[in-house]
Amino acid sequence: MKFTTEPNVETKINRMKTRVRWSHPQVLQRRIDQTTLKIADGHSEEADFSFLVMGDSGTGNHRGDNPQRRVAEAMLDHQEDCRFALHTGDVVYLVGSKEQYPDNFIRPYREWLLGGDDPKAVCYDQMVFKKPILPVLGNHDYYDLPWWVSVASGVTSPLRKLLVARLDLDVGWHGSFQGDAFARAFMDYLQGVPEGQLGEHLDRYYQAETEQGRCLCYTPGEFTRLPNRYYSFRYGGIDFFALDSNTFNEPLPIPDTAEGRQYRESLRERRDSLEEERSQLLMQATGMGGETNDDPDALPEIYTELEQLEEQISDIDKQLSSSRKVRMDFDQLKWLQQRLVQSWQNPEVRGRVLLFHHPPYVTESTKWYQGQTLAVRYNLRQVLQKVAAQVGDLARDRPLVDLALMGHAHCLEYLKTEDTGHADSHINWLICGGSGFSLRRQRPEGPELEEGSGQTVARSHLYLGRSGHGSSRRRPYSFLRVDVGAGHPPQITLRPYVVEKHQGSWSAYPKEPIEVSCK
């Protein structure tokens, strides 16, 4: 029984290309680079600046409260002196539907929006930000609903009462329409511009100049759109690269060998076990097993476990269905390679930051062994290996990327790779996925990540997620402030902030700052 569906890689790529009129003749005629934007806020040349990071936030009211809004309120203390906010994906749950934007994005972040004092009057596809919120796509932003779930979620029925109302599942009549809601909410949806008005639109909003040609001008308070599902921008001498990891996370094919066939069989057995576990949890949640539980936190715990099981089953299904020819977004990966090389060849650039959804390194309880994690790690390594070969001594002893920001794992975690034997060594990895949705526990194996024959490739230095049980249960929702200082390489300080509900009361507090080494 699947609660969500997901389009394949080709569909994601082609639908998004259509929505931005990728390489339209009028775009090519004007030498417009559809993967770059310039933030025109009057401060983009200043070397000292700060920004915020949040992710996996997109839930609405849950059990009479709204964790995302609590986080958003805490972020307001930093809104004045932070230049922008980055979002690591899963902007709205459960299925990225336009139905969920009013309650799950517009209302929580209303202070960032023009007209946000009356959030009901703000249309999801006409949002204008007073200060930039720059997101990437998460897997939920691409999700849709099977027909039976959409029907059940829109009518009063036993299934609706048992699953949707009791578990507080946030579903409606339909899903994202293959990412269309995200595109209309955040991207320059050129498909909606009449052909006769397209030239005027391009001349008005694509006036900024870059090394590659003209690009979109992101003007806070006036026009705040993204040019594409993946994009880059430069701020304070730092190059930011925002990626759509949903199109390069397809699990690698299982080899047709004795070992591969044994692994495939173990996946099937694991899937059967997870399905049985999910059925038992559903029985508990709906009370159909005859059991009752007076603990008010019991159902949220079950909901968290169900969501994890759904994700694990989906990952196994992807591994079992993987063919010898993996569907891959080679164009995006080639773009990243070329832009990183250009960034290193530009003496004015002081540092580089990646932003995407699926982490290649993570100690959350279910993610490290998933096929998607391995695929993202493998594909990014391939890109970085090629970059390293091209930039040579330009990088000297510095990592190729100073900071990588991700979500997907519902926690805040700081990891650093050690000598991996590849070009992703000594990179700072920050998972910001704990800004509102159900939090996850750290894996019992601990903070060290091993690969291959037991080599430690990464180490976790901070993990903020669900912990404890009963009265000692902790839920530290989180966001991150990043302070970038002058210098070459830059001085970077990470400042984690926590908004926590413990024993029925909410509190907000900072964690110790982390000085990031960019050498």
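Reply: Let's start with the buried residues of helix 8 (residues 198–205): they are Leu198, Gly199, His201, Leu202 and Tyr205. They sit on the same side of helix 8, because the arc they cover around the axis is only 160°. The general rule behind this kind of pattern is that an α-helix has 3.6 residues a turn, so residues three or four places apart point the same way. Keep in mind that this is a predicted model.

On the face turned away from the buried side you'll find the exposed residues Glu200 and Arg204. As for what lies over the buried residues of helix 8, the cover includes helix 2 (25–29), strand 1 (32–39) and strand 6 (213–218).

While we're on helices, have a look at Arg381, which is in helix 12 (residues 371–391). Arg381 counts as buried because its relative accessibility is 8%, and the cut-off for buried is under 20%. If you skip the neighbours within four places in sequence, Arg381 is in contact with Tyr361, Thr420, His422, Asp424 and Glu451.

As background, most residues other than glycine have a negative phi, and most peptide bonds are trans.

Two peptide bonds to check are cis. One runs from Tyr93 to Leu94, with omega near 5°; Leu94 belongs to the loop between strand 3 (84–87) and helix 4 (101–106). Another joins His488 and Pro489, where omega is about 10°. You'll find Pro489 in the loop between strand 15 (475–485) and strand 16 (491–502).

Then there's positive phi. Asp56 is not a glycine, yet its phi is positive, at about 50°. Look for Asp56 in the loop between strand 2 (49–54) and helix 3 (67–75). Asp56 is buried, and its relative accessible area is 0%.

Phe177 isn't a glycine either, and it has a positive phi of about 55°. Its place is the loop between helix 6 (158–167) and helix 7 (180–186). With a relative accessible area of 48%, Phe177 is partly exposed, whereas Asp56 is buried.

Back to your helix, then: if you colour helix 8 in your viewer, Leu198, Gly199, His201, Leu202 and Tyr205 mark the buried side, with Glu200 and Arg204 on the face turned away from it.

Key
Residues are numbered from 1 along each chain as its sequence is written. This is a predicted model: local features need pLDDT of at least 70, side-chain atom pairs count only at pLDDT 80 or more; totals for chains, interfaces and linings use all residues. Side-chain values use heavy atoms; hydrogens and water are left out. Buried means under 20% relative accessible area, exposed over 50%, partly exposed in between (1.4 Å probe, protein chains only). Helices (H or I, at least four residues) and strands (E, at least two) are DSSP runs, numbered from the N terminus. The arc is that of the directions from the helix axis to the C-beta atoms. Contact means heavy atoms within 4.5 Å.
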